[in-house]
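I opened the notebook to record what I looked up in this structure. The entries follow in the order I made them.

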Amino acid sequence: MSTENAGKPDLPLERFSYDDAIVRKFVFATLIWGFVGMLVGVLIALQLAWPKANDFGLDAAWTQILAFGRLRPLHTNAVIFAFAGNAIFAAVYYSSQRLLKARMFSDLLSRLHFWGWQLIIVLAAVTLPLGITTGKEYAELEWPIDILIALVWIVFGINFFGTLVKRREKHIYVAIWFYIATWVAITVLHVFNSLEVPATLTRSYSLYAGAQDAFMQWWYGHNAVAFFLTTPFLGLMYYFLPKAANRPVFSYRLSIIHFWSLVFIYIWAGPHHLHYLAVPEWLSTLGMLFSLMLWMPSWGGMLNGLLTLRGAWDKVAKDPILKFFVVGVTFYGMSTFEGPMLSVKAVNALSHYTDWTIAHVHGGALGWVGFMCFGMAYWLLPRLFQTGEMAKPKWLDLHFYLATLGILVYIVSIYAAGLTQGLMWRAFDDTGLLKYTDFMDTVRILRWFYVIRLAGGLLYLTGAGLALVNAVLTWKKRPAAYEVPVYEAPPLSALEAAAPAPVAEKALRPFFWAGLALAGVCAAVALIPGVTDSPKVGAFLALVGGFGLATAAIDLFMKVGWHRRLEGRPLAFTGWVAASVVSASLFEAIPTFVIESNVPTISAVKPYTPLELAGRDIYLAEGCYNCHSQLVRPIRAETERYGPYSKAGEFVYDHPFQWGSRRIGPDLARVGTKTLTPGWHLRHLRNPLDTSPDSLMPRYKHLLEAPLDFAGIPKRMRAMQILGVPYDDTAVAGGAEAARAQAEELAARLEQETGVAGLADKKVTALIAYLLRLGTDAMPKEAGR
């Protein structure tokens with residue numbers, strides 16, 4: 001029996017044990033789903049290097065589930081929510097019990113949480129390859145699964161906060177701060193980004209449209225990275241890294257600054273993903289400014305982690321677990337430097353839509369998150385299975401070097417691919433014309449980069465496989481019955497009653513008040529009419545005011561007594577976190593939605609016809625947004641290549657928006673205005689190589705055979721009508737007949753141009769109708785089409 005009452009012999013004691021069974025489940029799920037998610041990643045990497053892997057040359061209809069557009073969302077969801085998600089829960093359940101000196105609030109809730117989360121993952125693994133998707137990047141799961149996610153997340157929250165209430169430790173440790181921020185922020189993000197109107201059990205439409213949907217998506221997308229792939233793993237770092245090194249955290253004050261800076265600043269930074277897109281310039285500029293601010297606190301956290309190893313660097317050379325943690329934290333530093341850099345408009349103009357972004361994401365997901373997951377798993381497994389060490393200790397070093405080499409090969413090749421894409425797309429010759437007019441010029445050059453990337457992915461996957469096998473072998477060495485240690489500690493009520501009276505702190509130093517006064521003066525001057533008409537004056541006032549606030553904040557954070565008191569009040573602590581997240585979100589969201597001039601309408605833009613709406617749903621189901629964008633930026637190279645730049649008013653009926661984040665294929669915003677005939681589109685969809693040699697696009701032969709559900713079109717139109725799309729009741733009631741009439745007309749033309757008959761009731765006709773519509777409201781069609 002262990003006692004946790006050292007130095008307090010007069011206090012009453014309570015006996016308790018920890019629930020490690022739930023941690024074992026989550027750790028195993030982490031390694032299993034990690035391997036599966038990375039295996040899917042290697043498959044889609046193979047598809048880019050060797051496109052025949054999209055269907056392996058088979059003509060069977062079932063091969064559609066193997067297409068890149070359907071598997072890429074499965075890969076991202078598996079790595080983020082299955083691999084990283086299960087690792088988060090393993091870390092929370094293990095460390096929280098020990099930091100709070102309490103068993104989890106409810107064993108039943110722990111198991112409901114585990115099996116509910118695994119059910120969500122299985123549903124994602126089934127629905128996404130079947131083309132059941134919302135079409136929103138990183139939030140593709142349909143509304144029934146969204147509801148299940150919310151319910152399971154609430155179960156997790158009740159269990160976690162219930163444990164906080166029954167804790168036997170007065171003050172909450174820094175790792176717990178990050179877990180609180182994770183739960184609060186993800187709750188807000190998931191609820192508001194997932195608001196949608198269901199049309200059927202498997203089809204819904206986002207509550208938001210066009211530019212506003214883009215804002216909501218990247219508010220969610222960026223902050224999902226912040227609060228699902230960053231804050232919980234920082235909590236993991238603050239617990240497991242000191243444990244593995246047997247050293248205390250380097251700086252308590254630095255952890256306070258790190259935490260609150262991230263919580264307050266991160267939530268503002270999402271709009272930097274929207275530079276040069278059809279959103280108000282103030283919005284993306286604001287996102288950029290806060291992204292730049294993120295660099296300093298992020299590196300403060302990285303240094304706090306690395307400096308925790310002071311005096312223990314000799315251990316790093318010998319201990320593979322510390323190697324995983326050190327490389328993981330280093331990748332965190334690299335990613336949090338590169339992120340703000342990519343938010344700068346000049347850099348973003350080059351990097352956006354290229355593979356540079358893919359390299360950045362994988363540096364964070366596999367470098368930071370992946371290495372932290374594996375380091376934690378290797379530290380936990382011998383303790384959870386009570387074996388003393390891993391079954392194959394030497395495999396840990398092998399895994400480390402395979403993973404390190406793999407991630408380096410991966411990201412270096414894709415950084416090179418991204419820079420190549422960006423520079424080739426923007427290149428002009430000596431006469432001032434585009435140097436590479438054919439989009440396929442870049443595709444052909446990138447093929448070898450994709451082959452190298454595949455090699456790096458295989459190395460990383462091999463390491464993940466070793467970890468899984470090693471875990472199974474360690475599990476087999478477990479004892480017949482686990483020893484369950486019993487601990488003793490005084491209850492929280494006794495700790496609070498015995499606590500000495502708080503000592504009055506000295507008044508805040510002059511720097512605090514001077515900083516606030518300086519910021520207040522700048523704000524007052526900025527409110528004087530006409531003062532900020534000059535951008536230079538506005539920038540100067542913002543800079544000086546920001547300096548004043550920073551001075552006050554640093555002075556406040558240097559006095560930690562207030563924070564120590566806050567740590568003893570988890571409910572108040574949670575309230576301040578929620579206030580930071582919600583207030584920053586509303587500051588950006590309210591003007592975006594309320595001020596009409598942010599999304600000026602265009603009278604020529606009309607709703608999609610019933611057939612085009614059905615075709616758009618097919619576009620979403622096939623995951624075309626994973627390879628094609630639908631937005632022309634106001635950059636000369638793009639307007640020369642694709643046509644006039646896109647305006648916000650063009651997308652007011654797009655639920656959800658389809659601007660994309662990557663161009664493996666060309667932009668489609670103006671494809672309907674080109675000289676491409678319906679017959680060309682049919683040949684391209686049936687076999688892309690017939691029209692575009694060297695194309696990486698999968699074949700969509702199944703669309704020529706799959707029947708179109710005309711009867712379901714009115715339900716989809718009704719959902720759009722609820723969202724404000726101006727379909728009248730008569731149009732909705734006659735939606736199926738109108739779609740048939742347009743389909744028959746288009747099918748006749750397809751037969752005339754290609755000789756292929758019988759397409760009037762096939763999905764391919766609806767998709768072609770949608771493609772022919774794109775861009776035609778904003779500009780005239782080219783002659784000859």
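Which residues does Phe233 touch, leaving out those up to four places away in sequence? I found Ala84, Ala87, Ile88, Phe228, Trp368, Val369, Met372 and Cys373. I note here that the model is predicted.

**Cores.** I looked up the largest nonpolar core next. It has 180 residues. Phe233, Phe240, Phe374 and Trp659 have the most contacts inside it. Helix H2, residues 68–100, gives this core its largest share, 19 residues.

**Aromatic pairs.** I counted 61 aromatic pairs. I took Phe161 and Trp183 as one example. Their ring centres are 5.4 Å apart and their planes stand at 80°, so I logged the pair as edge-to-face. Phe161 belongs to helix H4 (residues 143–165) and Trp183 to helix H5 (residues 174–193), so the pair ties together parts 22 residues apart in sequence.

I then checked Tyr332 and Trp368. This pair is tilted, at 4.7 Å centre to centre with 35° between the planes. Tyr332 sits in helix H11 (residues 320–343) and Trp368 in helix H13 (residues 355–384), so parts 36 residues apart in sequence are tied together by the pair. Are these two buried or exposed? Tyr332 has 2% relative accessibility, so it counts as buried. Trp368 has 4%, so Trp368 counts as buried too. Trp368 is also one of the residues that Phe233 touches.

**Backbone.** Where is there a cis peptide bond? I found one joining His655 and Pro656, with omega about 0°. Pro656 is in the loop between helix H22 (636–642) and helix H23 (678–686).

Tyr138 has phi near 70°. Tyr138 lies in the loop between helix H3 (107–127) and H4. Its relative accessible area is 17%, so I logged Tyr138 as buried. Asn246 has phi of about 55°. The loop between helix H7 (231–245) and helix H8 (252–266) holds Asn246. Asn246 is exposed, at 59% relative accessible area.

**Cavities.** How many cavities of 30 Å³ or more does the structure hold? I got nine. I followed up the second largest cavity, with a volume of about 220 Å³. Its lining has 18 residues. Tyr608, Glu650, Leu774, Gly775 and Asp777 lie nearest its centre. By class, I logged nine nonpolar, three polar and six charged residues in this lining.

Conventions
Residues are numbered from 1 along each chain as its sequence is written. This is a predicted model: local features need pLDDT of at least 70, side-chain atom pairs count only at pLDDT 80 or more; totals for chains, interfaces and linings use all residues. Side-chain values use heavy atoms; hydrogens and water are left out. A nonpolar core is a set of buried Ala, Val, Leu, Ile, Met, Phe, Trp, Tyr and Cys residues joined through side-chain atoms within 4.5 Å. Buried means under 20% relative accessible area, exposed over 50%, partly exposed in between (1.4 Å probe, protein chains only). Helices (H or I, at least four residues) and strands (E, at least two) are DSSP runs, numbered from the N terminus. Contact means heavy atoms within 4.5 Å. On a 1 Å grid over the protein atoms alone, a cavity is a set of points where a 1.4 Å probe fits but cannot get out, and a pocket is an open set with protein on both sides within 12 Å along at least five of seven lines; lining residues have an atom within 4 Å of a point. Grid points are joined across faces, edges and corners, and a volume is the space filled by probe spheres set on the points. Ala, Val, Leu, Ile, Met, Phe, Trp, Tyr, Cys and Pro count as nonpolar, Asp, Glu, Lys and Arg as charged, and the others, Gly among them, as polar. Rings of Phe, Tyr and Trp (its six-membered ring) pair if their centres lie within 6.5 Å; planes under 30 degrees apart count as stacked, over 60 as edge-to-face and the rest as tilted.
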